[in-house]
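Good morning, and thank you for the time. I would like to walk you through one structure, moving from its charged pairs to its interfaces.

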Amino acid sequence: MRNVSTIIDGKRVITKKPELLAPAGNLEKLKVAIMYGADAVFVGGKEFSLRSLASNFTLEDIKEAVEFANLYHAKIHVTCNIILHEENLEGIREYLKALDEIGVAAIIVADPYIMLLAKQLHLSLQVHVSTQLSSTNAEAIRFWQKQGLERVVLGREVDYQDLKAIMAETDIEVEYFIHGALCISYSGRCMLSNYYSRRDANRGGCSQSCRWYYDIYKGDRKINTDEDIPFSMSSKDLSLVDHIGELIELGVDSFKIEGRMKSLHYIATVVSTYRKLIDTYCADPDHFEYDPKYMTELNKAANRALTLGFYNQKPSQNDQLFNLRDEHPTQEFCMRVLHYNPVTQLAKIEQRNYFKLGDVVEFFSPDRDNFKMVVRELYNEDMEKIEVANHPMEVLYVKVEGLVKKDDMARKVGK
Amino acid sequence: MKYIVHLNDIEMIEPLIERQIAGVIVGTDHYSNGGIINSSIEQIRQIVAKINHRMHVYVLVNRLFHQHEIASLKVFLKDLMESDIDGVVFQDFGVLNIVQELQASYKMIYAPDTLNTNHQTMNSLSLLGVDAFMLAGQLHYDEVEAIVNHSQKPCIVPVHGVQYISCSRRELLTNYFSQINKSESSRYQDKIKIKVNNKEEYSYIYEDEAGTHIYTTNELCTLNLKIPGEYGYIETLYLDNDYILDVIDYYQNHFLEEELKTKYPEHNYDHGFLEDGTVYKIEDVRKREEHEKR
């Protein structure tokens, strides 16, 4: 077993804290992810990356991301995880060199050609095996270790017992998904999108056909009746929030949060929740008591029901979504704090979604407890009293009696 | 072109040899995805003895293996060393690692269904010990041609049969039937199909101990397409013996697709992605959506 702790002054503390790896679909989300506690952020480039529908980063964006991350001692990983076709081969060599020169810490790669090319080029950046290769055993991990790769992102089908064995049998860095959407099929091995919508899932065009409705037939007999909910292959989203302690004890090197296409609110909420949880556990693991408030917080940003995925057992019907009505909107992200004057108690804010006088909002931050308040005073930029905030990105002032600071956020939680 | 056929029945061995088939792929009881005759090591040895070097025998060890399955896998791969087989068809690099550590002499054929999509990847993997490649099913004809022309190792191109769509470790049918309180069998033999709502498009779906497998019901048919390459693969899942032998005859005698259609009007054929590639860039996705609306 990997050694993760030491005794200091008679108390065990975790010395091998896992990296908290967050997703970001644009620079704003990336900065928030880092400010809210991510040790590293993974982003997609304009080329060679899955999630073609996400905003994705130019090389200039990635450069800015690296510079920003450096200020916080955080790292930037870039996904180069498409499965290359002949038409995609051109330019990859130059792209890898450019990422390396910018100071990207790692690339996440699914195609063996890119892996080996990156090694041949003797780049400083690390090469991580993407979950798209569905690595689910120590032998596969050792294979990639022999090729000089530094980290393997495990398949999402790896359960706790197998993970424990893998951690004991290998000595390469291991990255494990702790939160986010789950593919219903083995990653990289699903052509549902390709066949049903002619969109290539392995090059970022996934149409999520697994979440569509289907009828089932045996011969000419339709098995599902009109009264039954239709067949679907949609999974609930993963959350291992109540297993973080045991994952830290295994020595997992990186905890991955999925969701490059998710909102700023999601990034801030999920990252800060796991940050606080990891830090609390590592400070005093032997006296740690799990607090359900972490799950409560995550649920505020979840738009699907949450599941443990494969963690304890093969998923049952309770881990799937058979009715899209099970998907629900997240609580509404309504403002981001730009500045706070403790004397006047006025917060200068950027409006993100509609809110009005009388709404109950909850402020949350990277490092302090949440608090709620009723919006009682609202001003426009000219300090004229207004009743509603209904222009996205408009700069306004709100009276906030609790202490807030720049980059805190608030969500609407009631009227 | 030489043909490699998925062996669906022991009784097919002699007719396949008569037709000078280059090799057969043989499914196994605990190590295959999409195997038809799921053979134990003893049955594989019997098949090898029966074939007696008149065709190559490739064993399908193409699951993605989980850590608790590795000990048994190692024993199986070692047993294969004493079984006089010609090769192993795999997709998990753990299999390649074990075989290399065992120093087994059989050939390693990388067949991940969806990932062999360019020649550079395949040439890179050649350096790491892969001896041959089964091309992905989602390739355009021009891509197949480019890969075959530039690959340093033999390529096997799917030419006929139902096509792989997806594999999940989950029991998707069992879970659904539980959800709607119905008791239905979901094995391969049940020939269950799913149909996308509002589309006349069916796919086969079944479960086994590895999870849930989905295949097209339409058969890829390339009789009219002059597929490049040395080896063509005929997938026999969901097909019966007489039909399979006819299909082989049609390919070997360069018949046309129309002739097969005339004889078997109940079968549905298409050209996979060979003439109609996929899109993935957002602008191309939007263009296709607009086109479909019209």
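**Salt bridges, domains and chains**

Let me begin with a group of charged residues: A:Glu28, A:Arg336, A:Glu350, A:Arg352, A:Lys406 and A:Asp407 are joined in a network of salt bridges. Please keep in mind throughout that this is a predicted model.

The side chains of A:Glu28 and A:Arg352 form a salt bridge, with N and O 2.2 Å apart. To place these two residues, we need the domains of chain A. The assignment gives domain 1 as residues 5–189 together with 233–328, and domain 2 as residues 333–414.

How far apart are the centres of the two domains of chain A? Taken over C-alpha atoms, the separation is 32 Å. The contact between them involves 13 residues of domain 1 and 16 residues of domain 2. Together the two domains of chain A bury about 1,200 Å², and carbon and sulfur atoms account for 51% of that area. On the domain 1 side, the residues that lose the most area to domain 2 are A:Tyr36, A:His265 and A:Lys276, which together make up 44% of what that side buries.

As for specific interactions, 4 salt bridges are counted between domain 1 and domain 2 of chain A. There are also 10 residue pairs in polar contact across this interface, both residues at pLDDT 80 or more. Which helices of chain A each supply at least two residues of the domain 1 side? They are helix 1 (27–35), helix 9 (264–283) and helix 10 (293–299). The largest share, 6 residues, comes from helix 9 of chain A. By residue type, the domain 1 side divides into 5 nonpolar, 3 polar and 5 charged residues.

A:Arg411 forms a salt bridge with A:Glu297, with the closest N and O atoms 3.2 Å apart. This pair links distant parts of the chain, since A:Arg411 lies in strand 25 (residues 409–414) and A:Glu297 in helix 10, 114 residues apart. Are these two residues buried or exposed? A:Arg411 counts as buried because its relative accessibility is 0%, under the 20% limit. A:Glu297 is buried as well, with a relative accessible area of 10%.

For contrast, here is a pair within one helix of chain B. B:Lys261 and B:Glu257 form a salt bridge whose closest N and O atoms are 3.4 Å apart. Both residues lie in helix 9 (residues 257–263) of chain B, 4 residues apart, which is about one turn of the helix. B:Lys261 is partly exposed at 38% relative accessibility, whereas B:Glu257 is buried at 4%. Over all chains, the count comes to 47 salt bridges.

I turn now to the interface between the chains. Chain B contributes 80 residues to the contact and chain A contributes 77. The area buried between them is about 7,300 Å², of which carbon and sulfur atoms give 55%. Which three residues supply more of the area on the chain B side than any other three? They are B:Gln67, B:Arg170 and B:Tyr280, with 12% of the area that chain B buries against chain A.

Between chain B and chain A, the count is 6 salt bridges and 44 residue pairs in polar contact, both residues at pLDDT 80 or more. The chain B side divides into 32 nonpolar, 28 polar and 20 charged residues.

One salt bridge between the chains pairs A:Arg198 with B:Asp276, the closest N and O atoms being 3.4 Å apart. A:Arg198 sits in the loop between helix 7 and strand 10 of chain A, and B:Asp276 in the loop between strand 12 (269–270) and helix 10 (282–293) of chain B. A:Arg198 is buried, with a relative accessible area of 16%, while B:Asp276 is partly exposed at 33%.

A:Asn202 is buried, with a relative accessible area of 2%. Its contacts come from both chains, including A:Leu50, A:Ile82 and A:Gln132 from chain A, and B:Thr114, B:Leu115 and B:Gln138 from chain B.

Definitions and conventions: Residues numbered from 1 in each chain as written. Chains lettered and ligands numbered in written order. Predicted model: local features only at pLDDT ≥ 70, side-chain atom pairs only at ≥ 80, totals over all residues. Heavy atoms only, no water. Domains from an automatic or database assignment. Contact = heavy atoms within 4.5 Å. Buried area = accessible area lost by both parts, 1.4 Å probe. Polar contact = N/O pair within 3.5 Å; in protein donor to acceptor, adjacent residues only side chain to side chain. Nonpolar A, V, L, I, M, F, W, Y, C, P; charged D, E, K, R; others polar. Buried < 20%, exposed > 50% of the residue type's maximum accessible area, 1.4 Å probe, protein only. Lists of a residue's contacts leave out its neighbours within four places in sequence.
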